[in-house]
Structure formats: C-alpha cells, structure tokens
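Let's take a friendly walk through a protein model together. Please keep the sequence and the 3D view side by side as you read.

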Amino acid sequence: MGTLQLLVGQIITLTIERMAFDSDYGVGRFDGKVIFVPRTSPKEKVRVVLTKVRSTYAVGKLEQILEKGPYRRLPPCPVAGRCGGCDWQHIKYEEQLKQKQGLLSHILTPLNSYGKFTLLPFIGAEEEFRYRNRIQLHREKNQVGFYARGSRQLIPVKDCLLAEKVLVEHFQNIELRAKDTSLPLQERVELARLVDGSILKQFGPPTAETRFFAQVNTRQNDVLKNLISAKIQTSNHDEIIDLYCGSGNITALLLQLWPRASITGVDLSKTLIQQAQKEFKSILFENLKWVVSSTAQYLKEELVEMKKKCSLLVLDPPRVGLDRESCHWIGELSPKEIIYVSCNPMTLVRDLKLILAKGRLRVDSIQGVDMFPQTTHMEIITILKNRV
Ligand SMILES: C[S@@+](CC[C@H](N)C(=O)[O-])C[C@H]1O[C@@H](n2cnc3c(N)ncnc32)[C@H](O)[C@@H]1O
C-alpha cells in the first residue's frame, strides 16, 4: 500500500489494467491503491477526479482520456453509458471475451486447493447485438425506455441494440397506450418473442402465475446445449435428475442423449412445470417425470430418505446459486457426474467449495459461454465427477 493520502476531489493520472466484475468500472492503481473508474477500458491512460476514497480503494470520475486504449470503440447505441443495460459496449467484443475469461479465472482461484481442473476458453457469440428474445421496459406517460444506471430516471429509447428487431417493432404500440387515460402513468412492460414467433406483452409487475423463465439468447442457448452434449455424451446414464429444470430446456437435451434413462425434472415454479408438461405431452416417455419442489426438499426427501438413485445430476439455479442444505446433500450423495450451469461465478465458487469439501467429487472442467455480450454477465458450465 502506498504512502500518499488520497482525497475526494483530487485529480490523478493512471493506466487502466482490467475491467471489474459486475459493473462498467475499469480498474487501475495509483500509489499501490486500487482505483475504479467507470466507463474506461483496458490499457488506456486516464485523468480522473476522485469521488470516493476508502482505506483500500478509491473511485474516480473520468475527466480525460490521455492515451486511448487499443480496445475502446464508439458505442453503436446513442444511450450507452446512460442506460443501465450495457456495461461494456464501449469495449471491442474480442476484448470483452478476454476480460470475462480473466475475471472467471481470478474468481475461480479458491478452487485450486481442491485439486486440478481445466479452465477452457470462453465461447463467444457470433452475434454481439440483437440477441435478446426478452426485454423489460418502462413506460412513463407516452415515453418508453430503460432506467438509468442505479436510478429510476427513465432514459427514453426508440430502439435497443440488444433486443431482437421483432421486439423493437412493438415499442411504438406501448407508447400509444398513454392515450388510454384509464391506464397508470407509469408501468413496467415485458416483451418476449415466444418459440412459435408470437409476442408476449406483460404489463405491470409479474405475479407468481405470470412470471416465466426462458433463456434470453436463443442462438447461444443452442451453443450451450451443444457444448453440454459434447462434454457428457460419452458417459452412460440411467437415472438423471434435472434440478431447476424450468420448462424443460435442458431436459429436452437429456432426453435426446439418453432416451432410455429415467429422467426427472424438478422446479419450484408450478407454472413452469405445467408448461413443461404441456410442451412434452406428445413425447410418450414413461420414464419422464416432472415434480414441483424446491431443490433442497427434493434432495432430502427423494434422494436421501427414499434412496432414489441418481447417476447424473443437472443444476441450473438462478443467480443466487444453491442453498447450503442442497450443497450438503449433493456432496454427500456424490452422483457419478454433475453438470452445474451457473450465471454467477461468485455463487458458483461458494457452492463448489461446499460440495468439494466433502471430498467425494472433483471438478473436471469449467467453461464460460457468452450469452450476454455488452454486459459483464456470464454463463458457466462446470462438470464434476465422482472420485471413484
Ligand atoms: C436459471 S433458471 C433455469 C431454467 C432451465 N434449466 C432452463 O434452462 O431454461 C432457474 C430456475 O430455477 C427455479 N428455481 C428457483 N429457485 C428454486 C429452488 N429453490 N428449487 C427449485 N427450483 C428453483 C426457477 O423457477 C427457474 O426455473
């Protein structure tokens, strides 16, 4: 740590080394102290004014780019930087992938003490724009837009470069809703392009019945499933449990790979399980079952108490990851193979540490897939294998 006393309002010069996780902050150092500067990019020399000073780090506001970095680009979207959606649109796509790989590798460091594993390179997206089949907008009077970063200030938009074009075509209809004076002045609007091509419009906050989950990036979802398939198709499995199955996105792949296996999809959402039952009703697999349950309860009641067999366990939790109880049971049960699909490297590492601490499983490989270009979000596939 350096010796200089930094002060709010002080102007300093530094070089950005890398991007930070989960934000648009570039990270550099000044006199040994970590400095975060929003909307900068690696290898650029910047002059910043400090806005926050803490004992171990400081935050600065970009005053001037003294030497432009090799990865900076003009963001194609006119509201990039103001709208809270894209963190990294000002960074060239190849570099976004390198930054994600570097962050993932760094976040996974604590796993090294549980044995060797392979960290494979991130799989990038062919299309870095127009990939979202689902977006959340806000309408305020006759304006449609997104909230600004960290606030509820509406940034009106006529387009969103992350959204599939077919969704953008509906922005104007939403603006026109303002003519109906019986409607609220403000509302949340969700637009989704469904598998059959129809557009779902949901006004107001979702209820337990209307809340749904589907992978937002259709093309990369196929890439993800192909990758999972390539990683595990040579294994033999007869008893498969797909935890956090949603409406059966990964279950469909499991059915293709092991048509004779007994497969159970488990999800907390009754709506999603009903959707899965509807979508899979034409498939006459006696061995396919759907269960509405929490993961922890299912593991405890079916696998531990009823001693249901399981050779392959699939986990695809939301960003919060698994709960402690589920990690405990998974480590104890230690099936032959586990596929853990995560959208949050922090909770992934936390969960893997708990599972690996039991000593029965090892991490075989970890690989990122870019489902969310222009943002810091990442999807990660981990393959765990039984040690015996
Ligand atoms: C990231 S989604 C994965 C969905 C599905 N695997 C897919 O690829 O579309 C997470 C799912 O976990 C479900 N979920 C959330 N908490 C849960 C819990 N405690 N137990 C079981 N399912 C849960 C949600 O309903 C949601 O469907």
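The report below goes from the whole chain down to a single residue.

## The whole chain

Keep in mind that this is a predicted model. The chain is built with 9 helices and 18 strands. Along the principal axes, its C-alpha atoms fill a box of roughly 65 × 60 × 35 Å.

How does the radius of gyration fit with a compact globule? For 388 residues, such a globule would have a value near 21 Å, and the 23 Å of this chain agrees with that. Of the 388 residues, 36% count as buried.

## Three domains

The domain assignment gives domain 1 (11-67), domain 2 (94-127 + 216-386) and domain 3 (134-203).

Between domain 1 and domain 2, the C-alpha centres lie 36 Å apart. Their contact takes 6 residues from domain 1 and 5 residues from domain 2. On the side of domain 1 that touches domain 2, the residues divide into 3 nonpolar, 1 polar and 2 charged.

## Around the ligand

Which residues come nearest to the ligand? They are Y244, G246, N249, L268 and D316, out of 16 residues around the ligand. By class, this shell has 8 nonpolar, 6 polar and 2 charged residues.

Now find helix α6, which covers residues 270-279. Its residues L272, I273 and A276 are buried. Looking down the axis of α6, you would see these buried residues fall within an arc of 100 degrees, so they line one face of the helix.

What do the buried residues of α6 pack against? Their partners are α5 (249-257), β13 (262-267) and β14 (288-292). On the other side of α6, K270 and K278 are exposed.

## A closer look at L227

Finally, look for L227 in helix α4, which runs over residues 218-232. Why does L227 count as partly exposed? It has 17 C-beta neighbours inside 10 Å, and a residue needs 20 or more to be buried, or 12 or fewer to be exposed.

Leaving out residues up to four places away in sequence, L227 touches I123, Q367, V369 and I381. L227 and D238, in turn, are 11 residues apart in sequence, and their C-alpha atoms are 21 Å apart in space.

Terms used. Residues numbered from 1 in each chain as written. Predicted model: local features only at pLDDT ≥ 70, side-chain atom pairs only at ≥ 80, totals over all residues. Helix = DSSP H or I, 4+ residues; strand = E, 2+ residues; numbered from the N terminus. Rg over C-alpha atoms; globule rule 2.2 N^0.38 Å. Near = placed C-beta within 6 Å. Nonpolar A, V, L, I, M, F, W, Y, C, P; charged D, E, K, R; others polar. Arc of directions from axis to C-beta. Contact = placed C-beta atoms within 7 Å. Domains from an automatic or database assignment.
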